[in-house]
Amino acid sequence: MNNKPIVAWVVDDDDAMRWVLERALADANIECKTFTSAAACRAALGHGLPDVLVSDLRMPGENGLALLAFVAREHPDVPVIITTAHSDLDAAVDAYGGGAFEYLPKPFDLDALVTLVRRAAEHRRTAEPIPTRDDAPDLIGDSPAMQPVFRAIGRLKQSDVAVLLSGETGTGKELVARALHRHSARAQGPFVALNAAAIPADLVESELFGHERGAFTGAQARRVGRFEQANGGTLFLDEIGDMPPAAQTRLLRVLAEQEFYRVGGNQPVSVDARVIAATHQPLERLVEEGRFRSDLYHRLNVVHLALPPLRERRSDIPLLLEHFLASCADELGVERKRLEPRVEAWLVQQPWPGNVRELENLCRRMVVMAPGTAIHFEDLPDALQPRDAASGRLAPPGWERDLATWADGQLDAGTTGLAAKVQDASERILIDAALKHARGQRGEAARLLGWGRNTLARKLKRP
């Protein structure tokens, strides 16, 4: 671990603001150097670099955006935090568009700034290339709940039988269908997907089987349907339980005879397509209620694969998080990010009603919204942040949550001076732990704490 003190540079033309920021950072053991103008800061950058640069947006002469552009071009590893009293939309867009680590409108909480500076320094010191994974498997995970799915895909490698996939929304049914296709003798053929729930009932037959010109109003030309498109490959019919009765009847005939007529056509069309169907509904119940043909159900249900919800494969969540964070970052063309270990552990324990799809959408949000490469609790959506039930405050699991609970109780009891009590107690605990690990060597203990020897000696003398 890098125990060098954090060095932050502050650029602001306001004397009072520079003084306040310098004191706040110094009190947090962050070395601070201040500049009255962007030009002075640029000149100093030629002789050394800070861990973090904090710059006001609007200043006489060169403004903060120009300084940001210079740093991004000449010293791209130095994170820049932009502050401004003019916090309009254009300022925020320009700051983030210029590559700012974070944008902080004035007035801001000094503790928030100190926390942000620490995060930016951590980002700079720990940033390293994350290896790409070009060999990512079709399906991510190795949990016991997924093993029946993996075994079935392997056993069906040389088979063309129909497969029915069931599972909650977002469990990855199309991914399994694609894996079945890729690991089959039809892998070189097309994979064509159709979501029956997304097609109006009166257009489902045209989508499936195509139509001839003039078959109905608006049919200006012959249209090739999904079955023909999938000839020689695989047709994936998602949400099959929503298919209207008339289309169910025609689908059953195609499966039995391997031929069909386009809508409005009088010439049979032969087709060789494997059908994989999927549903989140209980088809057996739909059959009992007369809403789904029993003969079609048995034709589709030659092999049934039930996909487990994400809450039943929690050991796969870290792998899925790593995969989605990397793939979303690559897709969006932004820097890859990592979860703080405690955040990952927290996410593993969540219920995930939206399953893998919800997890992927969360990763996409965090890749876009979280500053730096490390993702913290405060970067999660409000609904996923661990919060104290009584106060509603952010209360991460672990000692922070216990501290928040204790603080609420003390404040409810009318206790004052909490900060001094906590600081004294926590420093004593940290000093004792560091001296223990350093076997009594004060110099090493100071290094472990990130302090100078004089700082440690001064604190040890306190009663």
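Partly exposed here means a relative accessible area between the buried limit, under 20%, and the exposed limit, over 50%. Keep that in mind for the views below, which come from a predicted model.

View 1. Leu-332, Val-334, Val-368 and Met-369 make a nonpolar surface patch of about 360 Å². Leu-332 belongs to helix H13, residues 317–332.

**View 2. Inside the second largest pocket.** This pocket holds about 840 Å³ of space. Its lining runs to 30 residues, and Gly-99, Ala-100, Phe-101, Pro-371 and Gly-372 are the ones nearest the centre. Helices H3 (64–74), H5 (110–126) and H15 (355–369) are the elements that each give two or more residues to the lining. H15 supplies the largest share, four residues. By residue type, the lining splits into 19 nonpolar, three polar and eight charged.

View 3. Going from Lys-106 to Pro-107, the peptide bond is cis, and omega is near -5°. Pro-107 sits in the loop between strand E5 (102–105) and H5.

**View 4. Positive phi at Asn-29.** Asn-29 isn't a glycine, yet its phi is near 60°. Look for Asn-29 in the loop between helix H1 (15–27) and strand E2 (31–35). Asn-29 is partly exposed, at 46% relative accessible area.

**View 5. Positive phi at Glu-239.** Here's another non-glycine residue with a positive phi, about 50° for Glu-239. The loop holding Glu-239 lies between strand E8 (234–238) and helix H10 (245–257). Glu-239 has a relative accessible area of 10%, so this residue is buried.

Terms used. Residues numbered from 1 in each chain as written. Predicted model: local features only at pLDDT ≥ 70, side-chain atom pairs only at ≥ 80, totals over all residues. Heavy atoms only, no water. 1 Å grid on protein atoms, 1.4 Å probe; cavity = no way out; pocket = protein on both sides within 12 Å on 5 of 7 lines; lining within 4 Å. Points joined across faces, edges and corners; volume = space filled by probe spheres on them. Nonpolar A, V, L, I, M, F, W, Y, C, P; charged D, E, K, R; others polar. Patch = residues over 30% accessible without salt bridge, like charges linked within 9 Å, V, L, I, M, F, W, Y side chains within 5 Å. Areas by Shrake-Rupley, 256 points an atom, 1.4 Å probe, with all protein chains shown as cover. Salt bridge = Lys/Arg side-chain N within 4 Å of Asp/Glu carboxyl O. Buried < 20%, exposed > 50% of the residue type's maximum accessible area, 1.4 Å probe, protein only.
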